[in-house]
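I set down what I looked up, entry by entry.

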Amino acid sequence: MKNKYRILKIVITVIILGFLLSFSLKRFGGQKISDDKISVKMSEKTPVYFIDEKDIKEIVKKENPSEKVGDLNIPALEKKINNLPAVDSANVYLNLNGKLNLDIKQRVPVFRLNNNGKDFYVDEKGVEFPISKTYSHPCMLVTGNVKPAEYEKLAELVEKIDKDDFSKKYFIGISKDKDNYNLLTSEGNYKVEIGDLDNIEFKVKGFKAFVEKYLVYQDSQKYSMISVKYQNQIVTTLNPYFKENDSILKAGNLELAKIPAAAKTRLAETKKSSSSSAKPKESSTTKTTAKPKEKKKKTPEKKSAAKPKAKIKIE
């Protein structure tokens, strides 16, 4: 008898609890999710504004037109927000008081890539996402045929430039020409050729040493390119449109143009010396006649050889 009374008591308790639970669920499901009950949190470290609170609330209203808690499909809403190009991750959940919480992390662009006339952003993970019509994020501009496999290494390079005060001051852009990467500078018209994306820190240190020990004492317009892609050496290319370089380039061109003529005279002299050593001994009369002829031939050659040297020294 006692056992039957206990079982009946448990059954009645369960029925009452089930009734109360269904009543509370109906009441909870019938609650409306108003704007003040929607909490949107952006958790990215760097502030970006590709989407805002207003955009998220509009998506919530579209997914739940009745605005009732019971009609809201949380997994579908979370998937919808995660599919937005500028969203890295999204977490959607409800509190017991009917408050809807949305924790969203947006993608932060590391660089903006212009490839074959198309512009888009790339984040630190190497993921592409389109440019917004309402917001433009300040970041490094990269141009050229960059392959997706190079995105992560390129993102590392940009982050290193942004963290270093010297690099951030000098480098304002990156361009790719065939397989060579070039850093575009804010001072002068020269570019810094780095080659591939390996040993970036070593290459930047080499350029920094060149600037501090030499370039600071020169006009920045003097060079068109400074290459640090070779190991343990820096190769510079003069700017042909810089006035002070005109005389240097002209002198170099003149020297190069006169190399074949000088080579010819040297060959002629060597041939004469070899032929004179091979001939048998001649009489004294032949020797006296031969000597003035050799002097006459050698004197104009010496004068012509001395002229270009004097010109190069003057310039």
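This is a predicted model: local features need pLDDT of at least 70, side-chain atom pairs count only at pLDDT 80 or more; totals for chains, interfaces and linings use all residues.

Asp196 forms a salt bridge with Lys203, at 2.9 Å from N to O.

I next asked how many salt bridges the rule gives; the count is 12.

I turned to Asp88, which pairs with Lys105 in a salt bridge whose closest N and O atoms are 3.9 Å apart. This pair connects distant parts of the chain: Asp88 belongs to strand E2 (residues 87-94) and Lys105 to strand E3 (residues 100-106), with the two 17 residues apart. Lys105 is partly exposed, at 33% relative accessibility. I noted that Asp88 and Lys105 also take part in a network of salt bridges, together with Arg107, Asp123 and Lys125.

I also looked up Arg112, which forms a salt bridge with Asp119; the closest N and O atoms lie 3.8 Å apart. Arg112 counts as partly exposed at 24% relative accessibility, and Asp119 is partly exposed as well, with a relative accessible area of 35%.

Last, I examined a nonpolar patch on the surface. Ile7, Val11 and Ile15 make up this patch, and together they have about 280 Å² of accessible area. I placed Ile15 in helix H1 (residues 2-29). Ile15 counts as exposed, because its relative accessible area of 55% is over the 50% cut-off.

How values were computed: Residues are numbered from 1 along each chain as its sequence is written. Side-chain values use heavy atoms; hydrogens and water are left out. Patches are made of residues with over 30% relative accessible area and no salt bridge: like charges are joined within 9 Å, nonpolar side chains (Val, Leu, Ile, Met, Phe, Trp, Tyr) within 5 Å. Accessible areas come from the Shrake-Rupley method with a 1.4 Å probe; for residues, only the protein chains shown count as cover. A salt bridge is a side-chain nitrogen of Lys or Arg within 4 Å of a carboxyl oxygen of Asp or Glu. Helices (H or I, at least four residues) and strands (E, at least two) are DSSP runs, numbered from the N terminus. Buried means under 20% relative accessible area, exposed over 50%, partly exposed in between (1.4 Å probe, protein chains only).
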